[in-house]
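Please look over the sequence and the model, and then read on.

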Amino acid sequence: MSEILALFEHDRGEAAETSYQSLGFARALLAAGVGTSITAVVIGAEADGLAADLAAYGANSVVRVHHRDLTDYAPEAWGEAVAELIAARAPAAVVATGTDRGNEVLAYASAIADVAFAANVTEIRSAAEAHLELTRVRWGGSLLEQSKLIASVFVLSGTAHVFDGDPTPEAVGATAALETYDAVLSETAARTRVTDRVTLSSGITLTTAAVVVSGGRGVGSADGFAPLVDLAGLLGGAVGCSRVVTNNGWRPHSDQVGQTGKRIAPELYIACGISGAIQHWVGMMASKHVLAINTDGEANMVGKAEYAVIGDLHKILPAVSAEIRRRRS
Ligand SMILES: Cc1cc2nc3c(=O)[nH]c(=O)nc-3n(C[C@H](O)[C@H](O)[C@H](O)COP(=O)(O)OP(=O)(O)OC[C@H]3O[C@@H](n4cnc5c(N)ncnc54)[C@H](O)[C@@H]3O)c2cc1C
C-alpha cells in the first residue's frame, strides 16, 4: 500500500481553514490515481489533540511527530521531520497547503530529501506512476504554468483555497489509526523557530479587517498617513500600504499588501495614491469592493476599481472623515 503524507498545518495546536485543505488536495491526488491511502502528519505534541478528527477529512491514519524541539513553529525542524518520514516510509506523495508555512516546510523537506518540489498546484491534469501533469500558480498569481513533474516521490503543495477543506460525507463515522513518530532531528534543525509573539494591534488586524484604508507613494511621507489612520479608525478598519511605502520606511512591512506582503479580502479596500501594479493587485484582488483615490484617472487601480475619486488624497480623505463625523454627531 502506498500512502500520501499530508502535512496538517497548525499554530500551537490551532488549526486554520487552510489546514484541512491539504487533506482535500490529498484526496484529489488519490482520485487521480496517486497512492492508495492518506496519512495526515501532525508535528509537535501540542497538536496531538487535532489528530482524532482528521478521519472525517479523509485521513486513514495520522502520524503525530514528537521531539523536544518541536514546541512551536520551526520551519527547518518541521522540514527535517517530514524528510525523515519520506526516508522511513517511502510514500507515493507528500502534500501541504500552499500557505507560507506549508511551502516553507516542503521546501526544506524536499531539499533535505533531495527530491523535486512543485509548489502551488491548482490542478492535477493527469497522473502516471513516475510523473504528474500539473497546473500551478507562479509569480504571485499572475501566471498559470502547465508543468510535468518526474519524481520517485511527488512533493507538492496545493494552492490555498483551491482544494476542498470540508469533511467528506463518505468518511462520516470513520476513525483513523493513530501513530506516534519520535523524530531524530539534527542539532541545528530548530535554530530558526518561533520563540516569542508580539501582538501589533489588538482586535482588528490587516488580514481580518472588514475595511482597509491603504496608501501608496501618493501619500508622500510617513506623516502623510495621518488621514488614512484617522479614516481607518472611524470605519473600524486597518491601514495597509504598497511596497514603495515600506521601502521608504513610512510604514512597517507588516502593513504591506501584495505579492511580497499580505493577501487580504476585506469588504472594502480604499486604495489611496496606489497605482495598482500587478504585484500589489494580487494581494487585494479578493476584496469585495474597491475604491480608488488617485490624481491620475488613467491609473491601473482606477480602471480596475468599482468606485474611483479622481483628486488629491490629502484633500479627499480629511473631507470624508469630516463628513462621517458630522453625520455621526
Ligand atoms: C518581485 C516584486 C514584488 C513586489 N511586491 C510588491 C508587493 O507585495 N506590494 C506592492 O505594493 N508592490 C510590490 N512590488 C512593487 C510594485 O511593482 C510597484 O512598484 C508598487 O506597488 C507601486 O507602489 P505605489 O502604487 O505606491 O507607487 P506608484 O506606482 O508610484 O503609484 C503612485 C500613485 O499615486 C498617485 N498619486 C500621487 N500623488 C497623489 C495624491 N496626492 N493623491 C492621490 N494619488 C496620488 C499616482 O497617480 C500613482 O498612481 C513588487 C515588485 C516586484 C518586482
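By class, the shell of residues around the ligand consists of six nonpolar, 16 polar and four charged residues, where Ala, Val, Leu, Ile, Met, Phe, Trp, Tyr, Cys and Pro count as nonpolar, Asp, Glu, Lys and Arg as charged, and the others, Gly among them, as polar. The model is a predicted one, in which local features need pLDDT of at least 70 and side-chain atom pairs count only at pLDDT 80 or more, while totals for chains, interfaces and linings use all residues. Residues are numbered from 1 along each chain as its sequence is written.

The ligand is surrounded by 26 residues, of which G216, G218, S242, G258 and S275 are the closest; a residue is near a molecule if its C-beta atom, placed from the backbone, lies within 6 Å of it. Two or more residues of this shell are given by each of α5 (243-247), α6 (278-284), β13 (289-294) and α8, and the largest share, three residues, comes from α6. Helices (H or I, at least four residues) and strands (E, at least two) are DSSP runs, numbered from the N terminus.

The chain is divided into domain 1 (3-182) and domain 2 (211-328), with bounds that come from an automatic or database domain assignment. The C-alpha centres of domain 1 and domain 2 lie 36 Å apart.

Two helix pairs are set out below; axes are lines fitted to C-alpha atoms, for helices over the stretch in contact, and angles run from 0 to 180 degrees between N-to-C directions.

| Helix pair | Axes come within | Crossing angle |
|---|---|---|
| α4 (226-234) and α8 (313-328) | 9 Å | roughly 30° |
| α2 (75-89) and α3 (100-113) | 7 Å | roughly 50° |

Because the axes of α2 and α3 cross at roughly 50°, α2 is oblique to α3, whereas α4 and α8 are therefore roughly parallel to each other; angles under 35 degrees count as roughly parallel, over 145 as roughly antiparallel, 65 to 115 as roughly perpendicular and the rest as oblique. The contact of α4 with α8 is made by P227, L228, D230, L231 and L234 of α4 and by H314, L317, P318, V320, S321 and I324 of α8, residues being in contact if their C-beta atoms, placed from the backbone, lie within 7 Å. These contact residues divide into eight nonpolar, two polar and one charged.

Technical notes
Two residues are in contact if their C-beta atoms, placed from the backbone, lie within 7 Å.
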